[in-house]
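Please read each point with the structure in view.

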Amino acid sequence: MQKKLSFAGRTLDENSPCFVISEIGANHNNKIENAYELIDISIAAKADAVKFQSYKAETLYSRFVPRRKLEGGGLGPEIYPLIQKIAMPYEWHKPLKEYCDHKGILFLSTPFDEEAVDSLEAVDCPLYKVASSEIGDPLLLKKIARTGKPMIVSTGKATMEEVAQTVKWIREEGNDQIVLLHCTA
């Protein structure tokens, strides 16, 4: 792995100041006005970038995921409708990216499927964050790697063998701009 990353006119290495990414994720509650407000809050907090999550319920969860049992009896909420409610429409990528560009903060997202990568590439997402739940998806990892852009890969749900395999898949596509994070999942 390289000891420096280059993206969006920036270079980060061991001598660079801390690069702060504000995790917005799905906290917009499917309202674009909330997403804009969270970007503004991130700017006020002096973040370098904001990061969303890009997925569709139908590609992330099965409609048949069982409800979990709660302590003391009863069932938790149905997952699929919940995911549908919080998923960010891919049509938001362009206006959010443009808003971030105008405000001087980088727009990033974590794609959970290949369609999300295509949508993010259409707006020139400068780097990608890979969720630890996707570390075993060679098709997604290789598609992201082929963009040639830096990849921040979470490893919290992976074994050392899975991490090594992931790095191998990414490098096989000619991308060595890899940052590994150990995030407890």
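In this note, contact means that heavy atoms lie within 4.5 Å. The model under discussion is predicted.

1. Lys-149 is placed in the loop between α6 and β7. With a relative accessible area of 14%, Lys-149 is buried, because buried means under 20% relative accessible area. Not counting residues up to four places away in sequence, Lys-149 touches Glu-121, Asp-124, Cys-125, Pro-126, Leu-127, Tyr-128, Asn-175 and Gln-177.

2. Met-151 has contacts with Tyr-128, Val-130, Leu-141, Ile-144, Ala-145, Ile-170, Asn-175, Gln-177, Ile-178 and Val-179, leaving aside its neighbours within four places in sequence.

3. The largest nonpolar core has 33 residues, of which Ile-39, Phe-52, Leu-96 and Met-151 touch the most other members. Two or more residues of this core come from each of α1, β4 (49-54), α4, α5 (114-122), β6 (128-130), α6 (138-145), β7 (151-154) and α7 (160-172).

4. Helix α1 (residues 32-44) and helix α4 (residues 93-103) have axes that come within 11 Å and cross at roughly 25°. The two helices are therefore roughly parallel, and their crossing is right-handed. On the α1 side the contact is made by Ile-32, Ala-35, Tyr-36, Ile-39, Asp-40 and Ile-43, and on the α4 side by Pro-95, Leu-96, Tyr-99, Cys-100 and Lys-103. By class, this contact of α1 with α4 comprises nine nonpolar, two charged and no polar residues.

Conventions: Residues numbered from 1 in each chain as written. Predicted model: local features only at pLDDT ≥ 70, side-chain atom pairs only at ≥ 80, totals over all residues. Heavy atoms only, no water. Axes fitted to C-alpha atoms, helices over the stretch in contact; angles between N-to-C directions. Helix = DSSP H or I, 4+ residues; strand = E, 2+ residues; numbered from the N terminus. Parallel < 35°, antiparallel > 145°, perpendicular 65-115°, else oblique. Left-handed = near helix turned anticlockwise from the far one by under 90°. Nonpolar A, V, L, I, M, F, W, Y, C, P; charged D, E, K, R; others polar. Core = buried A, V, L, I, M, F, W, Y, C linked by side-chain atoms within 4.5 Å. Buried < 20%, exposed > 50% of the residue type's maximum accessible area, 1.4 Å probe, protein only.
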